Amino acid sequence: MIYSLVKYIVFVLCFIVSVYACSSIQFEKICKVQKSGKVITLMFLLSFVLAYLSTQAILDLTIFNGFGG
């Protein structure tokens, strides 16, 4: 139960950081689409993937190796 709570908290924090980081990239110039909804969807999906991967890396390096207590 505690591990699941820690996992969700770390994921939400990583998602917020990922959205902040992805917002600095100008996807409008890269994709060359007229609809901003597609660009927002791309940014959301990339942020989601980055958050998932960074959460797994953080938990693998800390909790699974015994550094988390």
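In which helix does Phe-11 lie? Phe-11 lies in helix H1, where helices (H or I, at least four residues) and strands (E, at least two) are DSSP runs numbered from the N terminus.

## Basis of the model

This is a predicted model, in which local features need pLDDT of at least 70, side-chain atom pairs count only at pLDDT 80 or more, and totals for chains, interfaces and linings use all residues. Residues are numbered from 1 along each chain as its sequence is written, and side-chain values use heavy atoms, with hydrogens and water left out.

## Overall architecture

The protein chain contains 3 helices and 0 strands, and its pattern along the sequence reads α-α-α. The C-alpha trace spans about 50 × 20 × 15 Å along its principal axes. The radius of gyration of the protein chain is 15 Å, whereas a compact globule of 69 residues would have a value near 11 Å. This radius is taken over C-alpha atoms, and the globule rule is 2.2 Å times the number of residues to the power 0.38.

The accessible surface of the protein chain comes to about 5,500 Å², and carbon and sulfur atoms account for 73% of that surface. Accessible areas come from the Shrake-Rupley method with a 1.4 Å probe; for residues, only the protein chains shown count as cover. Of the 69 residues, 16% are buried; buried means under 20% relative accessible area, exposed over 50%, and partly exposed in between (1.4 Å probe, protein chains only). Contact means heavy atoms within 4.5 Å. Among contacts between residues at least 6 apart in sequence, 73% join residues at least 24 apart.

## Aromatic residues

Rings of Phe, Tyr and Trp (its six-membered ring) pair if their centres lie within 6.5 Å; planes under 30 degrees apart count as stacked, over 60 as edge-to-face and the rest as tilted. By this rule there are 4 aromatic pairs. In one of them, the rings of Phe-11 and Phe-48 have centres 5.4 Å apart and planes at 75°, so the pair is edge-to-face. This pair links distant parts of the chain, with Phe-11 in helix H1 and Phe-48 in helix H3, 37 residues apart. One aromatic cluster is formed by Phe-11, Phe-15, Phe-44 and Phe-48.

Phe-11 has a relative accessible area of 21% and is therefore partly exposed; Phe-48, at 39% relative accessibility, also counts as partly exposed. Leaving aside neighbours within four places in sequence, Phe-11 is in contact with Phe-48, Ala-51, Tyr-52 and Thr-55. The C-alpha atoms of Phe-11 and Leu-50 are separated by 9.8 Å, although these residues are 39 apart along the chain.

Ser-47 belongs to helix H3 (residues 36–61) and counts as buried because its relative accessibility is 0%. Its side chain reaches the backbone oxygen of Met-43 at 2.8 Å. A polar contact is a pair of N or O atoms within 3.5 Å; within protein, one must be able to donate a hydrogen and the other to accept it, and residues adjacent in sequence count only if both atoms are side-chain atoms. Not counting residues up to four places away in sequence, Ser-47 touches Phe-15, Ser-18, Val-19 and Cys-22.

Ser-18 is placed in helix H1. With a relative accessible area of 7%, Ser-18 is buried. The side chain of Ser-18 reaches the backbone nitrogen of Ala-51 at 3.5 Å. Beyond residues up to four places away in sequence, Ser-18 touches Ser-47, Leu-50 and Ala-51.

## Cysteines

A disulfide is a pair of cysteine sulfur atoms within 2.5 Å, and by this rule the count is 0. Cys-14 is in no disulfide; the nearest cysteine sulfur, that of Cys-22, is 13 Å away. Cys-14 counts as buried at 11% relative accessibility, and Cys-22 counts as buried at 3%.

## Val-12

Val-12 has its place in helix H1 (residues 2–22). At 46% relative accessibility, Val-12 counts as partly exposed. Val-12 and Leu-61 are separated by 49 residues in sequence and by 18 Å in space, C-alpha to C-alpha.
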